[in-house]
Amino acid sequence: MHEQSDGPDSFLQRLGGFDRRLRGVIEKLKAELEKPSRRNARQVDFLCAEIDRLTREYLLFLTALNTARIAHEAAADTPDEVMNVKRAWGIVGAQTNLFRLEINRWATVRGLVQEQRQARRQPIYPPQAKLAKTTYTQMGASDDVFHWIHAMLNPSEQSEAARDHDCFPDIALANSEFHEHLHAAYRVILAQRRTDPVRFLDVGCGGGLKVLTAFRYFPQSDGFDFDPAYVAAAHDLLAKDDGLNCHVFEQDALTFDGYGNYDVIYFYRPISEERLLIQMEQAIAAQARPSTVLVAPYVSFPARHEALGCGHIGGAVYVAGMSQKQANSLRVKAERMGPYIVKPDDAPLSSVWDPLLDVSRANGYDIPNRYEKPRY
């Protein structure tokens, strides 16, 4: 068989060069996107253009590879040589095809990167006046359905013991409003750059429907209620899917000593007596670790949050152990987070683009429509 200067080994080396160059540019892009603000848009554009150039070079590389493979096979003198040539080029072809799959994803990843090239602020509570009337109508209809489901899942009357303890019955906050608060809290959590899995707690969870809803945002969602019938209804609901990292238990909000174990605490006036409600707020504020996100969507908490040492982020969202100046700074960072609610892949596949996907998701951005089914 005649010797070929551009054999399989040569193309494998060139392929490795493409991979190293691509990974080097990706690391530079990642470093730029990790900046919370003041990203260099020109640098992002330059690095994207570098990957565009590498993609074009790779297409020429594929043409040269195919030409060399055909010539190499044609130069084989015996059937055994032909088989050896095919086997050697088959290895090259397999690795080339894998890299081509990666390169083909660049158009999608490029769009994701460009969304973040300049971190424009987006309010954590978008102005409702900008919503279309049709959107309001759809939200109202969705809230009605949620109320029906809420009543069906927890038909129990409040127990006499719970009434005597000044507990409110299982009140269903409008679903659209609850999502507003959770989404705002989620973006604050992103801005805090937490590394450990976030734990959510619903104080006075009733039948557990909001515990389930919160699991869409946070990797662990817990709740407790004083009323054992409500807790039983919540257990029935959450038992329908054993893959849920959700837990509900019976507890008194006034004596619970585990508030410090959670990162996001939601309480929608579970106690009717104002004096006792204030005691509960004091217990939460005293136990909550600094930077814990509190969601308190009722009218009396705004008048007391400063005395409790909580900074106000916006709407019903507060942060424990934080001055208002610190809270204002955190709000600005949260407003630079993207709008996507990211859930980890069930079975993630390793990809050359992982560094960009990971930093994008940490920034609240993701590839649209990557979920084929609800992530509950």
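Partly exposed, in these legends, means a relative accessible area between the buried cut-off of under 20% and the exposed cut-off of over 50%. The model shown in every view is a predicted one.

**View A. Gly-309 sits in the loop between strand E5 and strand E6.**
E5 covers 293-295 and E6 covers 310-314. At a relative accessible area of 32%, Gly-309 falls between the two cut-offs, so it counts as partly exposed. Skip the neighbours within four places in sequence, and Gly-309 is in contact with Val-319, Ala-320, Gly-321 and Met-322. For a sense of scale, Arg-53 is 256 residues away from Gly-309 in sequence, and the C-alpha to C-alpha gap between them is 54 Å.

**View B. Gln-220 is a buried residue of strand E2.**
Gln-220 has a relative accessible area of 17%, and because that is under 20% it is called buried. What does Gln-220 touch, leaving aside its neighbours within four places in sequence? Its contacts are Val-198, Arg-199, Phe-200, Asn-245 and His-247.

**View C. Helix H7 packs against helix H11 at an angle of about 100°.**
Here H7 is residues 175-191 and H11 is residues 324-335, and their axes run 8 Å apart. An angle from 65 to 115 degrees counts as roughly perpendicular, which is therefore the label for H7 and H11. On the H7 side, the contact is made by Arg-187, Val-188 and Ala-191; H11 brings Leu-330, Lys-333, Ala-334 and Glu-335. Sorted by type, the contact residues come out as four nonpolar, three charged and no polar.

**View D. The largest cavity holds about 350 Å³ of space.**
How many cavities of 30 Å³ or more are there? The count comes to one. Its lining takes 33 residues, and the closest to the centre are Val-203, Gly-204, Cys-205, Asp-225 and Pro-270. The elements giving two or more residues to this lining are strand E1 (199-203), helix H8 (209-214) and strand E2 (220-225).

Note on methods
Residues are numbered from 1 along each chain as its sequence is written. This is a predicted model: local features need pLDDT of at least 70, side-chain atom pairs count only at pLDDT 80 or more; totals for chains, interfaces and linings use all residues. Side-chain values use heavy atoms; hydrogens and water are left out. Axes are lines fitted to C-alpha atoms, for helices over the stretch in contact, and angles run from 0 to 180 degrees between N-to-C directions. Helices (H or I, at least four residues) and strands (E, at least two) are DSSP runs, numbered from the N terminus. Angles under 35 degrees count as roughly parallel, over 145 as roughly antiparallel, 65 to 115 as roughly perpendicular and the rest as oblique. Contact means heavy atoms within 4.5 Å. Ala, Val, Leu, Ile, Met, Phe, Trp, Tyr, Cys and Pro count as nonpolar, Asp, Glu, Lys and Arg as charged, and the others, Gly among them, as polar. On a 1 Å grid over the protein atoms alone, a cavity is a set of points where a 1.4 Å probe fits but cannot get out, and a pocket is an open set with protein on both sides within 12 Å along at least five of seven lines; lining residues have an atom within 4 Å of a point. Grid points are joined across faces, edges and corners, and a volume is the space filled by probe spheres set on the points. Buried means under 20% relative accessible area, exposed over 50%, partly exposed in between (1.4 Å probe, protein chains only).
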